[in-house]
Amino acid sequence: LSGYSFGRSTIFASEIAAHALEAGCPAACIADSHSLMGAVEHVKACHRLGVKPLVGATIELPDGGEIVLIAKTKAGYSTLSQLITECHLGEPRCYPLGSWERIARYAEGLLCLTGGDSGPLDRLLVAGKNELAFELLTKLKRLFGRENLFVEIERSYLRWTMSVNKSLTALAEAVGVKVVAGGAITHAKREDFPAQDTLVCAHTLCLIDEVIGRKVLRDEVQP
């Protein structure tokens, strides 16, 4: 995520490529929340440094959780642009939201990651709803295709991480899709965390010591 994911990241879009290069990564992806605002900055920086640019977006689902969609082709970028536009124009102002109907309509040319800790699969598995998780992954496979769907494994050190990751691996094997290590990166260095934490607090109207914010993150007409 870049700073264009307002209230979530302290990373400049133009800096992502440099951080990837420093870490020895051959490619770098920008996947801001319902936004492609940083795409041009990111791609230019990648080309300048010899890093392969990946452009995507994080889409919030109406029933909770986020998935990450990445353009696989030029047509996929056009598809993703249209999807993001629909997520904004079809919802109350400042409250973009995905829907299964929109995602099904604009799935062509996209890779789908299941979202890691913030994804719908993890949420279902944490709640012990394994059958619903299987149904959801099967649905995503039907929408995007087996080769374009990846179960995202994130090592976040939450108390349920090990058990959930084992379940994710087994679920991916059962459905016949691949797993990939991933997770949202919101700050580049350890010393940047206080600033990122402050951004989150400002965005959600909570104190640093609080866990749950006081700001309503969806319009009253949304689920």
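## Cysteines

Let's start with the sulfurs: a search of the whole structure turns up 0 disulfides, a disulfide being a pair of cysteine sulfur atoms within 2.5 Å. C25 takes part in none, and the nearest cysteine sulfur, that of C46, is 11 Å away. C25 is partly exposed at 35% relative accessible area (buried means under 20%, exposed over 50%, partly exposed in between, with a 1.4 Å probe and protein chains only). The sulfur of C201 is 4.0 Å from its closest cysteine sulfur, in C206, which is too far for a bond. C201 counts as buried, with 10% relative accessibility.

A word on the model: it is predicted, so local features need pLDDT of at least 70 and side-chain atom pairs count only at pLDDT 80 or more, while totals for chains, interfaces and linings use all residues. Residues are numbered from 1 along each chain as its sequence is written, and side-chain values use heavy atoms, with hydrogens and water left out.

## Fold

The protein chain has 8 helices and 6 strands (DSSP runs, H or I of at least four residues for helices and E of at least two for strands, numbered from the N terminus). From the N terminus on, the order is α-β-α-β-β-α-α-β-α-α-β-α-β-α.

Buried residues make up 42% of the 223 residues. Among contacts between residues at least 6 apart in sequence, 68% join residues at least 24 apart; contact here means heavy atoms within 4.5 Å.

## Nonpolar cores

The largest nonpolar core holds 35 residues, and I59 and L69 touch the most other members. Such a core is a set of buried Ala, Val, Leu, Ile, Met, Phe, Trp, Tyr and Cys residues joined through side-chain atoms within 4.5 Å. Beyond its neighbours within four places in sequence, I59 contacts residues including H34, E66, L69, L83 and I103. Apart from this core lies another, of 10 residues, among them I11, A17, C46 and V51.

## Salt bridges

There are 6 salt bridges, each a side-chain nitrogen of Lys or Arg within 4 Å of a carboxyl oxygen of Asp or Glu. R8 pairs with E66, their closest N and O atoms 3.0 Å apart. R8 lies in the segment before α1 (16-22) and E66 in strand β3 (residues 66-71), so the pair ties together parts 58 residues apart in sequence. R8 is partly exposed at 23%, whereas E66 is buried at 15%.

R105 and E101 meet at 2.7 Å, N to O. Both lie in helix α4 (residues 100-105), 4 residues apart, about one turn of the helix. At 48% relative accessibility, E101 is partly exposed. Salt bridges that share partners join E86, E101 and R105 into one network.
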